[in-house]
Amino acid sequence: MNSLPGVHVATIADQYHCPREVIDTSQAFQGAVVNVRLDDVKLTPTSQPVRRDVVEHPGAVAVLAVNDADEVAFVRQYRHPVGAELWEIPAGLLDQEGEDPAVCARRELAEEVDLTCESLTPLLNVALSAGGSTERIHIYLARGLSPCAQTFTREAEEAEFELTWVPRHAAIRAARAGKITSAATVLALLVSALDDTTRQSPR
């Protein structure tokens, strides 16, 4: 019997669509990708309002594309906010209004590494920084890969993209060792490793 304090439950799930009362809101910044708004919100019906800074982000997708040799499709991209070139799986913004995340994932796979896939399976749906941002990222596993009928012209940081195949087990080790730090990439790799462990465990 577990004698530790607290409430003990068998299952848990995040609850969305339960906002608190916003007393006042204003826009502090409008950018090319993100906006920042200031909300005065009552966390309980009887509490005083508190100020919360909210980064409004359109959301994103990422694709763990794995070929028949169990290699993962990577690109190396310069990320200015952290001043680093990061190894990442294909990813992109949900910046077309109303676009389904799965459709966006297929589009980004084609636009970034000139690949199509036969199957696209959801891996994760993650709130990356729920304490300060609305950003959610939808991560997919792509299998049955083949080259696109046409290649895409890439600009800015993406102009330097070169499709690089890395054995999945080596990429997982790199993520665990902190050599790969892109959040979506690390999450996708570790979940794929967890799936491997689950399949290999005795029933």
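Because the model is predicted, local features need pLDDT of at least 70 and side-chain atom pairs count only at pLDDT 80 or more, whereas totals for chains, interfaces and linings use all residues. Residues are numbered from 1 along each chain as its sequence is written, and side-chain values use heavy atoms, with hydrogens and water left out.

**View 1. The largest pocket and its lining.** A pocket is an open set of points on a 1 Å grid over the protein atoms alone, where a 1.4 Å probe fits, with protein on both sides within 12 Å along at least five of seven lines; lining residues have an atom within 4 Å of a point. The volume, the space filled by probe spheres set on the points, joined across faces, edges and corners, is about 1,000 Å³. Of the 35 lining residues, Gln77, Arg79, Glu88, Gly92 and Leu93 lie nearest the centre. Helix α1 (101-113) gives the largest share, 4 residues; helices (H or I, at least four residues) and strands (E, at least two) are DSSP runs numbered from the N terminus.

**View 2. The second largest pocket.** This pocket has a volume of about 810 Å³. It is lined by 22 residues, and Pro19, Arg20, Arg37, Val54 and Ala130 are the closest to its centre. Strands β2 (35-42) and β3 (50-56) are the elements that give two or more residues to this lining.

**View 3. The largest nonpolar core.** A nonpolar core is a set of buried Ala, Val, Leu, Ile, Met, Phe, Trp, Tyr and Cys residues joined through side-chain atoms within 4.5 Å; buried means under 20% relative accessible area, exposed over 50%, and partly exposed in between (1.4 Å probe, protein chains only). Among its 23 residues, Leu64 and Leu189 touch the most other members. The largest share of this core, 6 residues, is supplied by α3. Leaving out residues up to four places away in sequence, Leu64 touches residues including Val72, Ile89, Leu123 and Leu189 (contact means heavy atoms within 4.5 Å).
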